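Subject: Model handover

Hello,

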Amino acid sequence: MADKNEKEILHDLTGEEYKYGFTTDIETDLIEKGLSEAVVRLISEKKGEPEWMTEKRLEAYRYWLTLEHPTWAHLEIPEIDFQDVIYYAAPKPKKQLGSMDEVDPELKRTFDKLGIPLEEQMALAGVAVDAVMDSVSVKTTFRETLKEKGIIFCSISEAIKEHPELIKKYLGSVVPYKDNFYAALNAAVFSDGSFCYIPKGVRCPMELSTYFRINAAGTGQFERTLIVADEGSYVSYLEGCTAPQRDENQLHAAVVEIVVEKDAEVKYSTVQNWYPGDKEGKGGVYNFVTKRGLCRENGRLSWTQVETGSAITWKYPSCVLLGDNAVGEFYSVAMTNNFQQADTGTKMIHIGKNTRSRIVSKGISAGQSQNAYRGLVRVNPGADNARNYSQCDSLLIGDRCGAHTFPVVDCRNRTAILEHEATTSKISDDQLFYCNQRGLTTEDAVGLIVNGYAREVLAKLPMEFAVEAQKLLALQLEGSVG
Amino acid sequence: MLKVKNLHASVEGKEILRGINFEVKPGEVHAIMGPNGSGKSTLASVLAGNEKFTVTEGEVEFEGKNLLDLSIEDRARMGLFLGFQYPVEIPGVTMANFMKIAVNEQRKFRGEEPLTAAEYLKMMREKAQIVELDTKLTSRAVNEGFSGGEKKKNEIFQMAMLDPKLAILDETDSGLDIDALRIVATGVTKLHTAENATVVITHYQRLLDYIVPDYVHVLYKGRIIYTGDRTLALKLEKEGYDWLINDSNE
């Protein structure tokens, strides 16, 4: 503190190197750059999809062609040349030696390096993993264990082949391709993702997790996740993402759809750590994601997200509370730094009676970043006694960043009760002095204060994810004491 | 232990401390009194290293080292403790966790192993008793929603945890009811040993009924204008500062 001013320290602290920036040297099956009907057909063919699926993709593609890139977000998005993107990249499988070794060792090492061992020891952690590298699912663990309970957990490509009835019924039912520009693009070119089905009355015995990794250069990643929780079931789902450090921008446009049937409950947690670009704002992932869940009667959906990566984030995990007494929750920590931009928030659509929703959004802006919360709470005429509580907090670190909030409330029912609270704060000199006087360095003090600020949201994450998230925020670990 | 020589300090170009001299030895208790705006809190802040203030002249030696060269956290780790007049809130960070980090930082500085969770919990329970602090408070966020009395007790609790060589207590008695004052003051007395020293900044002599000072300094316009023993505090209580101030203005 004596020879470094606070700004420098904050800069150092928030300027930590990206740890997941390595690339895996692995033979990759790439298709030509560019997008056309032929490319859409080629992707479908590569995946060995049935004709009905190819048609679905083409329908979405044709619709996408009629759309303009959206401009409403509080983001400065450089023009994206969609013909300059590779839409399919798959790690080439090496010769298989036997069932024990079905995963390429190089791939295995990649995921080990990322802290995602694909081995059976994950049993100890109680997590089943679907690992997606570039365009394809590499391996899904614990399928057999889950199968005993009737749970389907596999890549979406497999689900299309093996469970067409479920895919036909649910894919696109929550996020139709006509929803928005990137939803249409995704519906046309999605290459893989995870599928999960929890049968009636089943409580999934372990956390399910998908780990996304972009590896190949110049490729887009368009994954599609579909989770169906049938009546009275429960599942907790985790999603993690990283990408190598590259100078050019990479495009990521995912769609996550969640169907929460009557009396079911889904918890969906994300730690998003795509490569954010360097300190000058060069490179980084463009993250344009549509996430939405539909809750039927007494259904419950909880989104928790920790967003620290990506050059640009455009993401609004939402809940359509269709059935009576359905509950939607959104807990978010979004941290931006250097030249990152985030426009993130949620939509809570109250349709059923006595539906309830809760929004807790914590934005942290550092460097020269811009961080926006955008939210919609809509109460339809039939949603008697709907309840919403929203809290949007912003924390500014340094004096060159921006925090913005765009909360929209559209209430069409007189019996609804809606609350909104918002605060903007910065780490005060008095707080830092107090911590320093107790022997903490300024780095630790900032980490501690940020951690405390985000605590309410971090506490919602499953244990092992919470730890990762805290490290990501460059935080001093909140101890187990007290 | 602490030698302050001709200390001058200013904030935003305005000189607040204008040549402070005093010395604290192990086992001593010093009281610093004086009218509002005389520079008492500034003195405490400057000794702790608050960067709001600029030291323009003078020397401070603490435990044989040049205090003014040290960072705030190193001063703290060496055993300089400041009891804040207005303790700061840190939302979402539990008191227990905050102190755990502080205690272990100090141990690391001394080359000691960090405490285990069990050792730490035991220590926390013992120290909380000294100021009759409800241990439930330690699982709440630092100072958040604490009453005025709880905040001050919490400062002394932290002092107990960190076991400083030199504790500077900045108006620890302000805003306390009679019972809380007794508890806080008795706590400070219990922590006093022949090896450590305490500097209390106060407006009221009643605190000094519990914490008996060896020296009472009167600070006025950034200088110590008079030093006496504890009877000085009693005289000030009765007569105010006028007789000293008139003297010093001459």
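Below is what was found in it, topic by topic.

This is a predicted model, in which local features need pLDDT of at least 70, side-chain atom pairs count only at pLDDT 80 or more, and totals for chains, interfaces and linings use all residues. Residues are numbered from 1 along each chain as its sequence is written, while chains are lettered from A and ligands numbered from 1 in the order in which they are written.

The four-stranded sheet

Chain B has an open sheet of four strands, ordered S2-S1-S4-S5, with antiparallel pairing. Strands (E, at least two residues) and helices (H or I, at least four residues) are DSSP runs, numbered from the N terminus. Two strands pair if DSSP finds at least two bridges between them. The edges are S2 (14-24) and S5 (65-66) of chain B. Each has a single partner strand, so one side of each is left without a neighbour in the sheet. Inside the sheet, S1 (residues 2-11) and S4 (residues 54-62) of chain B pair antiparallel over seven bridges. Leu2(B) has Phe62(B) as its bridge partner in S4(B).

Helix H1 (residues 40-48) of chain B packs on this sheet and touches S1, S2 and S4 of chain B. Its direction makes about 75 degrees with that of S2(B). Contact means that the C-beta atoms of two residues, placed from the backbone, lie within 7 Å. Axes are lines fitted to C-alpha atoms, for helices over the stretch in contact, and angles run from 0 to 180 degrees between N-to-C directions.

The six-stranded sheet

A further open sheet in chain B has six strands in the order S6-S9-S10-S3-S11-S12, and its pairing is mixed. S6 (80-83) and S12 (223-228) of chain B are the edge strands, each with a single partner. The twist averages 20 degrees from one strand to the next. S11 (residues 215-220) of chain B runs antiparallel to S12(B), joined by five bridges. His217(B) is bridged to Thr227(B) in S12(B).

A helix pair

The axes of H5 (residues 148-162) of chain B and H6(B) come within 10 Å and cross at roughly 10 degrees. That makes H5(B) roughly parallel to H6(B) (angles under 35 degrees count as roughly parallel). On the H5(B) side, the contact residues include Ile156(B) and Met159(B). Among those from H6(B) are Ile183(B) and Leu191(B). The residues of this contact divide into eight nonpolar, two polar and two charged. Here Ala, Val, Leu, Ile, Met, Phe, Trp, Tyr, Cys and Pro count as nonpolar, Asp, Glu, Lys and Arg as charged, and the others, Gly among them, as polar.

The contact between chains

This contact takes 29 residues from chain B and 26 residues from chain A. On the chain B side, H2 (72-77), S7 (90-94), H3 (95-109) and H4 (117-130) each give two or more residues. H3(B) gives the largest share, seven residues. The chain B side divides into 16 nonpolar, nine polar and four charged residues.

Two backbone points to check

Most residues other than glycine have a negative phi. Glu63(B) has a positive phi of about 50 degrees. Its place is the loop between S4 and S5 of chain B. Glu63(B) counts as partly exposed, with 13 C-beta neighbours inside 10 Å. Glu171(B) also has a positive phi, about 45 degrees. Its place is the loop between S9 (166-170) and H6 (178-191) of chain B. Glu171(B) is buried, with 21 other C-beta atoms within 10 Å. Buried means 20 or more such atoms, exposed 12 or fewer, and partly exposed in between, with C-beta atoms placed from the backbone.

Best wishes

Definitions and conventions
Parallel < 35°, antiparallel > 145°, perpendicular 65-115°, else oblique.
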